[in-house]
Amino acid sequence: MDTLGLYFHIPFCKGKCPYCDFYSLADKSLYTAYKEAVCEEIKTLSRCREFAADAHKRTVDTVYFGGGTPSEWGAENIRCVLQAVKEQFPLAADAEITVECNPSTPDLQTFFAVCAESGVNRISMGMQSAVDSERKKLGRRANAADVRAALYAAKNAGISDCSLDLMIGIPDQTAESLQQSLQFLVDSQVPHASVYLLSVEEGTFFHKNQSKLNLPDEDTAASFYLQTVDFLNNNGLQQYEISNFARPGYESRHNTRYWEQKEYLGIGPAAHSFLNGKRFGFTRDIHAFLQGQPPAFCDDGGDFEEYVMLRLRLAKGLTQTDCRQKFSIGIPPSLLQAAAKYEKLNLIKCGSQGIQLTPQGFLVSNMLIADLLGNIDPTEVP
Ligand code: SF4
């Protein structure tokens, strides 16, 4: 039986960052009720049962607390959830257990100590920028010194596997200010970094005020991305996915599940799952979750096209070996033919092992992948 990853969405934040459209709210009065509901779901799977009847038999080898801001919700709540996981699932001895944290959360020393004691062994920290004026524009309270102190506190608690989030395309960002953030990241010696391009989403403060923001244009943002890939690759953090970089052996095992089409169960409002060939998700409403509303079916996942789409996000790309292992076929000739025309443009690398998007290709990955999928001959796929 395949292993399982567990994702817990912690939908609480201290306030709302002006660019963020993740599901979160600032309501401490719901903390305890939410912990109880999550623990009950772990025990009974009463909401997810239709899709996850066999989940308790699966060995869990990755657990991820995302959000929202799990560090605001508190280490005691995380400890209770992990206790429930240990009681209900076989948990692999070397399971990767990640908690997202905000460097502005008070008393992170205690937070990390309790987390570490409960089994947490990886931290993902929302830094976004090491330039304080940029962080301010993003509505972030902590400054670069707070990020440094938070990393130190995590290390002190025994958690040295830390990732920093970095954002590209921040209003008024320049190549020099980005370089300052990149240098901070490398100097901090974290083994992992996630790098996201700011996208202005409907319903956010940034969306309403877009005309007043001095956002880098598309070409500038693209050059920032290439600057980032180049600098991190040259400083030991190898790109392994469109937005993710790691020192060897520190790739996020949980997130790699998503790109390798492996199974995971997401619990909490807005959390999605892929289990037993079905994709399903909870609605973005904590009250519906607290009242026991089950997740809704989204679609049948796991087909070949989806596999191609996910694998091409990875730097190692789509390989003949992995394709044969998973679907008992090699890469369809029609797909290889379509890929070849992009090789001349330096967007895709083709070889006997398979195909990979280049950093320039990652910049236009949506268009490239859609075109490749559109060219697959349906008689060549399972
Ligand atoms: S802390 Fe993170 S999840 Fe919360 S509002 Fe800000 S960006 Fe969104």
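Residues are numbered from 1 along each chain as its sequence is written. Because the model is predicted, local features need pLDDT of at least 70 and side-chain atom pairs count only at pLDDT 80 or more, while totals for chains, interfaces and linings use all residues.

## Helices α4 and α5

Helices (H or I, at least four residues) and strands (E, at least two) are DSSP runs, numbered from the N terminus. Two packed helices are described by the angle between their axes and the distance between the axes. For helix α4 (residues 75–88) and helix α5 (residues 108–118), the axes come within 9 Å and cross at roughly 5 degrees. That angle makes α4 roughly parallel to α5. Here the axes are lines fitted to C-alpha atoms, for helices over the stretch in contact, with angles running from 0 to 180 degrees between N-to-C directions; angles under 35 degrees count as roughly parallel, over 145 as roughly antiparallel, 65 to 115 as roughly perpendicular and the rest as oblique.

On the α4 side the contact is made by Ala-75, Glu-76, Ile-78, Arg-79 and Leu-82, and on the α5 side by Thr-110, Phe-111, Val-114, Cys-115 and Ser-118, where two residues are in contact if their C-beta atoms, placed from the backbone, lie within 7 Å. By class, the residues of this contact divide into six nonpolar, two polar and two charged. In this scheme Ala, Val, Leu, Ile, Met, Phe, Trp, Tyr, Cys and Pro count as nonpolar, Asp, Glu, Lys and Arg as charged, and the others, Gly among them, as polar.

Within α5, Leu-108, Phe-111, Phe-112 and Cys-115 are buried. These residues cover an arc of only 90 degrees around the axis, which puts them on the same side of α5; the arc is that of the directions from the helix axis to the C-beta atoms. The buried residues of α5 pack against α3 (70–73), α4, β3 (91–101) and α7 (144–156). A residue is buried if 20 or more other C-beta atoms lie within 10 Å of its own, exposed if 12 or fewer, and partly exposed in between, with C-beta atoms placed from the backbone.

## The ligand shell and the backbone

The residues around the ligand are Cys-13, Lys-16, Cys-17, Cys-20, Phe-22, Ser-24, Gly-67, Gly-68, Thr-69, Asn-102 and Gly-126, a residue being near a molecule if its C-beta atom, placed from the backbone, lies within 6 Å of it. This shell has four nonpolar, six polar and one charged residues.

Most residues other than glycine have a negative phi, and most peptide bonds are trans. The peptide bond from Gly-67 to Gly-68, however, is cis, with omega near 20 degrees, and Gly-68 is found in the loop between β2 (60–67) and α3. Just after α5, Gly-119 takes a positive phi of about 115 degrees. Leu-45, although not a glycine, has a positive phi of about 50 degrees, and its place is in the loop between α1 (31–44) and α2 (49–52). Asp-172, likewise not a glycine, has a positive phi of about 70 degrees and is found in the loop between β5 (162–168) and α8 (175–187).

## Individual residues

| Pair | Separation in sequence | C-alpha to C-alpha distance |
|---|---|---|
| Leu-345 and Gln-261 | 84 residues | 29 Å |
| Phe-111 and Ala-153 | 42 residues | 9.2 Å |
| Thr-62 and Gln-173 | 111 residues | 35 Å |
| Cys-39 and Asn-77 | 38 residues | 9.6 Å |

Phe-111, found in helix α5, is buried, with 26 other C-beta atoms within 10 Å. Leaving aside neighbours within four places in sequence, Phe-111 is in contact with Ser-71, Ala-75 and Thr-105.

Thr-62 lies in strand β2 and counts as buried, with 23 C-beta neighbours inside 10 Å. Not counting residues up to four places away in sequence, Thr-62 touches Gly-5, Ala-95, Glu-96, Arg-253, His-254 and Arg-257.

Cys-39, in helix α1, is partly exposed, with 19 other C-beta atoms within 10 Å; beyond residues up to four places away in sequence, Cys-39 touches Cys-80, Val-81 and Ala-84. Leu-345, which is found in the loop between α15 (333–343) and β14 (348–350), is exposed, with 12 other C-beta atoms within 10 Å.
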